[in-house]
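Trainee: I would like to learn how to read metal sites, strands and helix pairs in a model. Please take them in turn.

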Amino acid sequence: MAGPMQKNPSEFNPGATLMRRLEALSLFSEGGDGVTRCFATKEHHQAAEMIQAWMRDAGMSAHVDAVGNVVGRYEGTAADAPALVIGSHQDTVRQGGKYDGAMGVVVPISCVEHFNNTDQRFPFAIEIIAFCDEEGVRFNSTLLGSRAIAGTFDMAALETTDNDNIAMADALRAFGTEPNDIPSLARSKKDVLAFFELHIEQGPVLEEEGLALGVVTAIAGGTRLSATVTGFAGHAGTVPMDRRRDALTAAAQAILTVETYCSSKPGLVGTVGRISAAPGAVNVIPGKAIFTIDIRAGDDALRRQAVKDVCGEIETLCQQREVDLTIDVIHESDGCQCAPWLMEQLESALIRTQHPAKRLMSGAGHDGMAMAHITDVGMLFVRCKGGISHHPAESITEADADASARAVLHFIQNFEPLNET
Ligand code: HGY
Ligand code: MN
Ligand code: MN
């Protein structure tokens with residue numbers, strides 16, 4: 001089912017448009033350094049409106065679904081044809097960059113726009129999804145949009161609350177959707193031919209090897225924990241050092257435990273990204289400390305063992321300090337192997353658009369981890385400067401944006417669904 005070969009290749013050079021669109025999207029931010037666009041917020045709504053407009057200009061139908069995903073569809077030559085689903089996330093981390101997620105939405109829209117402008121249709125539909133919440137910043141939950149599409153959304157998550165004590169269900173209704181309809185978003189396997197995501201590498205490999213693009217082999221699995229240490233608040237001036245049950249110093253020792261353990265095992269990474277202490281007064285010994293732990297590895301067994309060992313070591317040090325500890329798992333996702341047949345087609349797209357066929361793994365998590373529940377997953381990475389990401393300095397070049405679009409265009413035009421027989 002090879003689609004038509006590219007017509008008038010010289011007409012497709014979307015680099016400048018892509019950079020303009022990525023810049024425009026980045027303005028939908030809470031303010032402060034970098035880009036902060038969280039799930040079911042005003043900024044999300046603004047981005048959804050702009051993405052839908054681009055989709056419609058590209059000849060697609062476009063709507064926002066019950067969980068806040070923006071879904072665009074470019075019909076195939078046959079009505080209701082199964083779709084090649086392409087997507088990434090519209091949301092960002094706090095004070096993040098302009099390209100994490102957004103690249104994987106803006107680039108495929110430019111490809112469909114080219115198809116529409118040159119009357120190209122394929123024996124399959126193309127669906128582009130801007131997933132509502134991959135980072136999980138607002139509700140400590142991740143992959144919300146892709147889980148809804150994959151049929152694995154946990155409806156109990158609707159009860160979780162954000163820092164303002166707003167429940168996810170209420171946030172979605174305020175956003176303008178009906179969360180009770182989320183289960184109906186689940187796609188059936190027969191309607192999805194594959195899931196493909198273009199994403200910045202967020203690492204140094206492509207830049208170090210002087211490459212613009214690379215084919216992803218696998219996405220590392222990850223476990224996110226929330227640890228709560230409870231000691232006893234007291235007067236900073238009167239409680240002797242050997243009589244304290246200081247929750248924050250226990251947390252500090254625990255944080256170094258994460259770093260020491262994960263530094264000792266190749267292929268393992270561990271991060272404590274957020275900590276809070278209560279009551280938070282300069283002259284009060286903290287009675288409570290809450291911090292997050294993020295542990296990842298390409299090898300699921302290595303990660304699981306690390307989680308077990310690190311939690312055990314933290315439990316022991318808390319006992320020694322006579323403080324209480326609870327640790328909750330807030331996210332767990334096994335690694336995801338990309339499908340060989342998709343890797344081959346993506347490599348062919350690189351080679352035929354004059355790029356070496358480079359393969360590399362992803363230490364970062366992606367929506368493909370959720371989509372893998374209903375279909376095969378392929379990913380393409382784009383070089384980013386210094387591998388910097390989740391930071392305002394995240395950046396790519398126009399030339400690499402253009403190159404990524406040409407490779408994606410070629411991949412779609414020559415996409416051969418897996419022959420199931
Ligand atoms: O955390 C991650 O790996 C992704 O950026 N959500
Ligand atoms: Mn990210
Ligand atoms: Mn991302």
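Predicted model: local features only at pLDDT ≥ 70, side-chain atom pairs only at ≥ 80, totals over all residues.

Trainee: Which residues coordinate the manganese ion (ligand 2)?

Mentor: Donors are N, O and S atoms within 2.8 Å of the metal (3.2 Å for Na, K and Ca), and sites may look incomplete since water is not among the atoms. For the manganese ion (ligand 2) they come from Asp100 (OD), Glu135 (OE) and His390 (NE2), at 2.0 to 2.2 Å. The sequence spacing of these donor residues is D-x34-E-x254-H. Glutamate 135 sits in the loop between strand E4 (125-131) and helix H4 (144-150), and histidine 390 in the loop between strand E16 (377-382) and helix H11 (398-413), so the pair ties together parts that are 255 residues apart in sequence. Helices (H or I, at least four residues) and strands (E, at least two) are DSSP runs, numbered from the N terminus.

Trainee: What are the protein donors of the manganese ion (ligand 3)?

Mentor: They are His89 (NE2), Asp100 (OD) and His199 (NE2), lying 2.1 to 2.2 Å from the ion, with the spacing H-x10-D-x98-H in sequence. Histidine 89 belongs to strand E3 and aspartate 100 to the loop between E3 and H3, so this pair links parts that are 11 residues apart in sequence. Both histidine 89 and aspartate 100 are buried. Aspartate 100 coordinates both manganese ions, ligand 2 and ligand 3, which are 3.4 Å apart.

Trainee: How should I read strand E3, and which residues point which way?

Mentor: In a regular strand the side chains alternate between the two faces of the sheet. In E3, Ala83, Val85, Gly87 and His89 point one way and Leu84, Ile86 and Ser88 the other. Seven of the seven residues of E3 (residues 83-89) are buried, so the strand is largely enclosed by the rest of the structure.

Trainee: Which residues stand opposite histidine 89 and valine 85?

Mentor: Two strands pair if DSSP finds at least two bridges between them. E3 and E4 pair in the parallel sense over seven bridges, with histidine 89 opposite phenylalanine 131 in E4. Four bridges join E3 to strand E5 (residues 192-200), also parallel, and here valine 85 stands opposite phenylalanine 195.

Trainee: At what angle do the axes of H1 and H2 cross?

Mentor: Two packed helices are described by the angle between their axes and the distance between the axes. Axes are lines fitted to C-alpha atoms, for helices over the stretch in contact, and angles run from 0 to 180 degrees between N-to-C directions. The axes of H1 (residues 15-26) and H2 (residues 42-57) come within 10 Å and cross at roughly 155°. That makes H1 roughly antiparallel to H2 (over 145 degrees).

Conventions:
Residues numbered from 1 in each chain as written. Chains lettered and ligands numbered in written order. Heavy atoms only, no water. Buried < 20%, exposed > 50% of the residue type's maximum accessible area, 1.4 Å probe, protein only. Parallel < 35°, antiparallel > 145°, perpendicular 65-115°, else oblique.
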